[in-house]
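Please work through the exercises below with the sequence and the coordinates at hand. Each task is followed by a worked solution.

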Amino acid sequence: MALLEIKNLHATVDGKPILKGIDLSVEAGQVHAIMGPNGSGKSTLSYVLAGREGYEVTEGSVRLDGRDLLEMETDERAVAGVFLAMQYPVELPGVTGMTFLREAVNARRKAAGEDEIDAMGFLKMVRAKAKTLGVTDDMLKRAVNVGFSGGEKKRNEILQMAVLEPKFCILDETDSGLDIDALKVVSEGVNALRSAGRSMLVITHYQRLLSHIEPDVIHVLANGRIQKTGGKELALELEKNGYADFAEAAA
Amino acid sequence: MAATADTVRQVEEVTGRAYKHGFVTDIDMDMAPKGLDETTIRFISAKKKEPEWLLEWRLKAFRQWLQMKEPNWAKVGYPPIDYQDLYYYAAPTQKPKLNSLDEVDPELLATYEKLGIPLKEQEILAGVVAVDAVFDSVSVATTYKKELEKHGVVFSSISEAVHNYPELVKRYLGSVVPAADNYFACLNSAVFTDGSFVYIPKGVRCPMELSTYFRINAENTGQFERTLIVADEGAYVSYLEGCTAPQRDENQLHAAVVELVALDDAEIKYSTVQNWYPGDENGKGGIYNFVTKRGACRGRRSKISWTQVETGSAITWKYPSCILQGDDSVGEFYSVAITNNAQQADTGTKMIHLGKNTRSTIISKGISAGRADNTYRGLVRVGKRAEGARNFTQCDSLLIGDKCGAHTVPYIESKNPTARVEHEATTSKISEDQLFYCMSRGLSTEDAVGLIVNGFCKEVMKELPMEFAVEAQKLIGISLEGSVG
């Protein structure tokens, strides 16, 4: 059984249909990429999976590990193992990175009926992981995303992912706003998290991210549907020809 | 469900959860008859075996009060208070003198335990906090007195101080808040029953934080606390005031007066966590909190700092202020005021710069939910002689839902051209983006709101002493373990 199973997923935003029948199946340990032109529904798909309000599912099903994801609230999905690395991480004034991470970890432990995490051990663990991603102690002491550069924000997202150890990671345009050096650090961070039990959905507009994070499968999303599925070579094809073919096919 | 509706519901759960401290302790009361006239005042004074000068002081205040009108400039509304329909003196009957906690009425101790502040436990918390517990109007237990005495620190009920330190009380009582200062302070001067008195001698740094838990208990009993804190030259003291009250159907009036005096190089840090009963969701039954708090930085380089976290009361009318008389003296005001349902808060501060190079900082965080109204009202006045005076004011309001209100009313008066006064104000809402971000990391809506609100208040919360911060964070409905500071 696939770790994530999406069947005939339809969703609307403000009553407007955006996703028009998505079928997608991601095996445990696999990395899938979703590529597509602007407005194709890429970000909508990520929000629907994470359970954001205002993104209404009108048809279809999503199962994670056999569990009905659409029945769950946003926080329940996170606890169940869904993680969305956001394109535009949100500022939380006054909330330090360390506090935020601890709250998130403790929310999981609470759901599992465990005690709160030992503060000292946690601090050590986070610092070790932060170091590999170039997240400084100073960043962990500052308010989440407040005054962070684009690269700092994305590194911080990947750090959260590393600490929370989700089963299913969605990376929404993680490459946007990154220079080549930052892209490298972030990609290495993501690659280090690839494992047999963890799957990823990498959403991107450009091929360049996929030369750093090599996917097992690539899907082309256009006009709310998956238009084509293939291997790595599909990315190169898109890089050469653009999305014009698919936009036409969809129209 | 719409995001805002969800947020509103959530916040109601956080701030409007059933009031936990709503119980009544059944203890025989020694009461004055209902109503207020000179007889009542003589009764109170006689009960307390007060010296003649104090009775005269009370009577003079009472006569002035009769000539005064209840103020109506604050942005709060409430039905008229019938001052003749209140009891002005209620004390638990008890043994006249107590040598240890064992002698305290067990019912009282049980009450505190329900509030989560067992004195026994406080005692175990070795030398951290001394508690002068005020039950209704009379102090029933004072701990750590001996340790404090060793340092020459006086920490007692004000009625005791009247007898034991008459010169100090006489010199400073009413010297910061004159008897006829305002309607409610004047009423307090006439009928105050008890409160705390603190004196820190020259050069002494008080070895522990001093703490008083006030508790309103008897039905229809106006609570008129009077607190006086004097820090002599070079002295330092941190004073904590925490309040809870049992649930009532009728509104209860609370008109306290707090006076602080800091002499040369002295520093007083006064922290309050106030969670009196706010009333039901229509405001019925909550406390009316009309308080006058004022500190005088009389000495050079003296400093007074007010920190308050206000989550309770139906109506809050409170402006802890600093009179910066001494050159180079410093005044600070850090405030979090949370209002929900029908709660109304009109709170802020006054910084009166009189001395040269006086500095003041005002950080105010107002959070409104439900149908609540939250007003910041602040005055910064710079006198003619206050060369080089500086003030920085920051007022931030956070709105939750669309039925509540936040208002900022700054008054700035400067008579000195060298003064620099800055005022910044912001109003924001908890955004759906922030909630989603937190929840997508696994936080429940409740925890997400708590985290965001706490982040919003951080600049103020970090000013609270550690022991108090915990209680304050609980009150805001947040789990914050270990992240303070």
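This is a predicted model: local features need pLDDT of at least 70, side-chain atom pairs count only at pLDDT 80 or more; totals for chains, interfaces and linings use all residues.

Residues are numbered from 1 along each chain as its sequence is written, chains are lettered from A and ligands numbered from 1 in the order in which they are written, and side-chain values use heavy atoms, with hydrogens and water left out.

**Exercise 1.** Describe the interface between chain B and chain A by its residues and its buried area.

*Solution.* Step 1: with contact defined as heavy atoms within 4.5 Å, 27 residues of chain B touch 36 residues of chain A. Step 2: the buried area (accessible area, 1.4 Å probe, that two parts lose on being put together, summed over both) is about 2500 Å², and carbon and sulfur atoms give 57% of this area. Step 3: within chain B, the greatest losses to chain A fall on B:Phe436, B:Tyr437 and B:Arg441, together 34% of what that side buries.

**Exercise 2.** Determine how many salt bridges link chain B and chain A, and examine the pair A:Glu157 and B:Arg441.

*Solution.* Step 1: a salt bridge requires a side-chain nitrogen of Lys or Arg within 4 Å of a carboxyl oxygen of Asp or Glu; the count between the two chains is four. Step 2: A:Glu157 and B:Arg441 form such a bridge, with 2.6 Å between the closest N and O atoms.

**Exercise 3.** Give the strand order of the four-stranded sheet of chain A and locate the helix packed on this sheet.

*Solution.* Step 1: helices (H or I, at least four residues) and strands (E, at least two) are DSSP runs, numbered from the N terminus, and two strands pair if DSSP finds at least two bridges between them. Step 2: the open sheet runs S2-S1-S4-S5 in chain A, with antiparallel pairing. Step 3: S2(A) (16–26) and S5(A) (67–68) are its edge strands, each pairing on one side only. Step 4: eight bridges join S1(A) (4–13) to S4(A) (55–64), and A:Val13 has A:Tyr55 as its bridge partner. Step 5: helix H1(A) (42–50) packs on the sheet, touching S1, S2 and S4 of chain A, and its direction makes about 110° with that of S1(A); axes are lines fitted to C-alpha atoms, for helices over the stretch in contact, and angles run from 0 to 180 degrees between N-to-C directions.

**Exercise 4.** Which strands stand at the edges of the six-stranded sheet of chain A?

*Solution.* Step 1: the order is S6-S9-S10-S3-S11-S12, with mixed pairing in an open sheet. Step 2: S6(A) (82–85) and S12(A) (225–230) each have a single partner strand, so one side of each lacks a neighbour in the sheet.
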